[in-house]
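Hi everyone, thanks for coming. Let's take a short walk through one structure together; please have a look at it first.

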Amino acid sequence: MQESGVAFGTSGARGLVSAMTDRVCYGYTLGFLQYMAEQGEFASGGEVALAGDLRPSSPRILAACARAVRDAGGVPVFCGYVPTPALALFAFGRGIPSLMVTGSHIPADRNGIKFYRSAGEVLKSDEAGMSRQVLDLGSDRFDAAAMLAMPETLPPITDAVEAYVQRYLDHFGAGALAGKKVGIYQHSAVGRDILARIVRELGAEIALLGRSEVFVPVDTEAIRPEDVELAQSWAAEFGLDAIVSTDGDSDRPLISDESGKWLRGDVLGILCASAIGATSVTTPVSSNTALEKSGRFASTRRTRIGSPYVIAAMTEELDAGASVVCGYEANGGFLLGSAVPGRTGLTRALPTRDAVLPILAVLAADAPSVSAQLADLPQRFTYSDRVIPFPPEVSKALFASLTDGDEAAQQALQTGLFGSFAGPCTTIDHTDGVRATFAGDAVIHLRGSGNAPELRCYTEAGTEADAVAINASAVAAIKAQLGL
């Protein structure tokens, strides 16, 4: 970890492809399996499931991971190139560890490995156990470039798709989307054909849109301007009820209304939680406050950003006796903490980010349109953008200044930076980064990304135009302050 610069982010290990040599990926996998052995979840002869996304570097990294599984005495079970939640569903069903080679939404010059224990994600509390592992990487396994000295062949594919597809056909029932016309924005998402199949088999007419054989970094929290324009043109051209898509590893959803306007993931999460009858909802501090303002849920909780934190809080809710527990992130990824009734029986829990459930929950809702569902929520609007590149040393200096002094001093600094367009700062939340609320009820939340060298800026306001305008002004103010 120290040598390569490949470190744990908010969702697994991430780094530049050039830094993620076979030796590094082998070492991460070996450390994971040694830790799993300590926890009684892996032993010689045990299976380990693997899958990957469609980045050019994923097959090579998968091969290095498979070699590590074999050298640890395990049996690699290769599930192919499938959505992260499909891999998780498969592995949880078998009670075996698994790993997904994916960089999610980040550009193809980066990649990552996401690890799963036999019944759930590797949490932040597990990362220390992995990091302290002492590894024997051998003297002849790797060449001078830290690549495998001998080629590794991945085993034949074991199907993890059918159970994942059937899960949603069973939950929503035949004909659930009859009469709907849905666009499937495919780009380079690993689940592009699976999502199209599910929507079609539930009765919708589909239009396949924007397929790409070159990796496209679709970020569901920072949607590219070209994707905004594409969705609006497609909706007008094809007369669609909605357009749906996912990020690269298909665990974060995108859905538009009938005009081609993309929904924010934190609003999509509210609609899905309501559709399944959730009693306890957990989401990171960056998500839209319409969750609490809606009054639809008996219990709500806020956490740091990252699915491991959401899962930990969901587990606490389950332990406390909550009946229908779920969580979601601002990127729209939905985590089902408890089994919920479907059309043909119980749909079992899937406590990791999933894109399909929230998409289908909105498409299948008993409402005249997607926009009508939005109109029933309190009108709070969020927007996010990022500053790229944003080197770690710059990030460290920025947050040192934002957290210097007592609360009054910090509020004064926020007012100095943003007061000309947001008003005086009234409160500051340090749950994750620095989230400031201003007198006009606007919110500006700054946070260094855990996955890439970038600064995330989240804003919230009473109108969409204000949320966008405040975000642009905040980003400009930060750049001016730092001389970027």
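Which residues form one aromatic cluster? They are Phe8, Tyr28, Phe32 and Phe115.

Before going on, a word on the source: this is a predicted model, where local features need pLDDT of at least 70, side-chain atom pairs count only at pLDDT 80 or more, and totals for chains, interfaces and linings use all residues. Residues are numbered from 1 along each chain as its sequence is written, and side-chain values use heavy atoms, with hydrogens and water left out.

A search of the whole structure gives ten aromatic pairs. Rings of Phe, Tyr and Trp (its six-membered ring) pair if their centres lie within 6.5 Å; planes under 30 degrees apart count as stacked, over 60 as edge-to-face and the rest as tilted. One of the pairs is Phe32 with Phe115, which is tilted, at 4.8 Å centre to centre and 40° between the planes. Phe32 sits in helix α1 (residues 22–38) and Phe115 in strand β6 (residues 110–116), so this pair ties together parts 83 residues apart in sequence. Helices (H or I, at least four residues) and strands (E, at least two) are DSSP runs, numbered from the N terminus.

Buried means under 20% relative accessible area, exposed over 50%, and partly exposed in between (1.4 Å probe, protein chains only).

Now to Phe78 and Tyr81: their ring centres are 5.6 Å apart and their planes at 80°, so the pair is edge-to-face. Phe78 is buried at 5%, while Tyr81 is partly exposed at 31%.
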